[in-house]
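Please look over the sequence and the structure shown below before reading further.

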Amino acid sequence: MRARGGDVHVSGDFEVVLGDEVLLRQAFSNLCRNALEACAETGVAPQIDIEGSLDRVQRSQVMTVTDNGPGVNANVTARMFRPFFTTKKSGTGLGLALVQKIIVTHNGRVTAANADSGGARITVTLPLRSE
């Protein structure tokens with residue numbers, strides 16, 4: 001990230017979720033890689049923000065990964081988590097499909113939209129670990 005003149009900023013509230021650390025790390029690594037590549041394709045220095053918030057009523061952790069890239073085309077949003085779907089010149093279309101599989105396996109959900117600032121915003125919601 002820094003080699004491309006960018007940065008990752010993490011803020012907000014986080015608690016422990018129930019899940020496999022290796023798989024969840026892979027999911028968020030894929031999300032950050034996607035954001036980095038989207039920014040690189042447009043020639044902008046990547047800025048990725050990861051923000052955490054808690055929904056105590058639903059007992060869930062909400063995390064948003066926002067970038068300053070070109071955003072998500074509305075025609076793509078419904079298909080972007082399908083295996084082998086890609087808009088990249090050299091992509092396999094498995095990164096976001098794997099993210100969704102990992103999150104759903106952990107009884108969570110993942111959604112995509114455009115951020116108010118214009119980049120993409122991916123929201124991941126996972127259940128908190130029971131006390």
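Is Asn 30 buried or exposed? Asn 30 is buried, with a relative accessibility of 6%; buried means under 20% relative accessible area, exposed over 50%, and partly exposed in between, with a 1.4 Å probe and protein chains only. The structure is a predicted model, in which local features need pLDDT of at least 70 and side-chain atom pairs count only at pLDDT 80 or more, while totals for chains, interfaces and linings use all residues. Residues are numbered from 1 along each chain as its sequence is written, and side-chain values use heavy atoms, with hydrogens and water left out.

Asn 30 belongs to helix α1, residues 21-42. Helices (H or I, at least four residues) and strands (E, at least two) are DSSP runs, numbered from the N terminus. Apart from its neighbours within four places in sequence, Asn 30 is in contact with Gly 95, Leu 98 and Val 99, where contact means heavy atoms within 4.5 Å. Asn 30 and Val 99 are 69 residues apart along the chain, yet their C-alpha atoms are separated by 6.9 Å.

Val 99 leads on to helix α3, residues 95-105, whose buried residues are Leu 96, Ala 97, Val 99, Ile 102 and Ile 103. The cover over these buried residues includes α1, β4 (109-114) and β5 (120-127). Not counting residues up to four places away in sequence, Val 99 touches Ala 27, Asn 30, Leu 31 and Val 110. In soluble globular proteins, nonpolar side chains tend to be buried together. Here the largest nonpolar core holds 24 residues, of which Leu 31, Met 80, Val 99, Ile 103, Val 110 and Val 124 touch the most other members. A nonpolar core is a set of buried Ala, Val, Leu, Ile, Met, Phe, Trp, Tyr and Cys residues joined through side-chain atoms within 4.5 Å. Two or more residues of this core come from each of α1, β2, β3, α3, β4 and β5, and α1 gives the most, with six residues.

Strand β3 (residues 60-66) contains Thr 66, which counts as buried at 15% relative accessibility. Leaving out residues up to four places away in sequence, Thr 66 touches Gln 47, Ile 48, Asp 49, Ala 115, Ala 120 and Arg 121.

The cysteines come next. How many disulfides are there? The count comes to zero, a disulfide being a pair of cysteine sulfur atoms within 2.5 Å. The sulfur of Cys 32 has its closest cysteine sulfur in Cys 39, and because the two are 11 Å apart, they are too far for a bond. Cys 32 is buried at 19% relative accessibility, and Cys 39 is buried at 0%.

Charged side chains form two salt bridges in the structure; a salt bridge is a side-chain nitrogen of Lys or Arg within 4 Å of a carboxyl oxygen of Asp or Glu. In one of them, the side chains of Arg 56 and Glu 15 meet at 2.9 Å, N to O. Arg 56 lies in the loop between β2 (47-55) and β3, and Glu 15 in the loop between β1 and α1, so the pair ties together parts that are 41 residues apart in sequence. Arg 56 is exposed, with a relative accessible area of 54%, whereas Glu 15 is partly exposed at 37%. Glu 21 also forms a salt bridge, with Arg 25, and their closest N and O atoms are 2.5 Å apart. Glu 21 and Arg 25 both lie in helix α1, four residues apart, which is about one turn of the helix. An α-helix has 3.6 residues a turn, so residues three or four places apart point the same way. Both Glu 21 and Arg 25 are exposed.

Arg 59, in the loop between β2 and β3, has a phi near 55°, a positive value in a residue other than glycine. Arg 59 is partly exposed at 34% relative accessibility. Asn 107, in the loop between α3 and β4, has a positive phi of about 60° although it is not a glycine. Asn 107 is exposed, with a relative accessible area of 68%.
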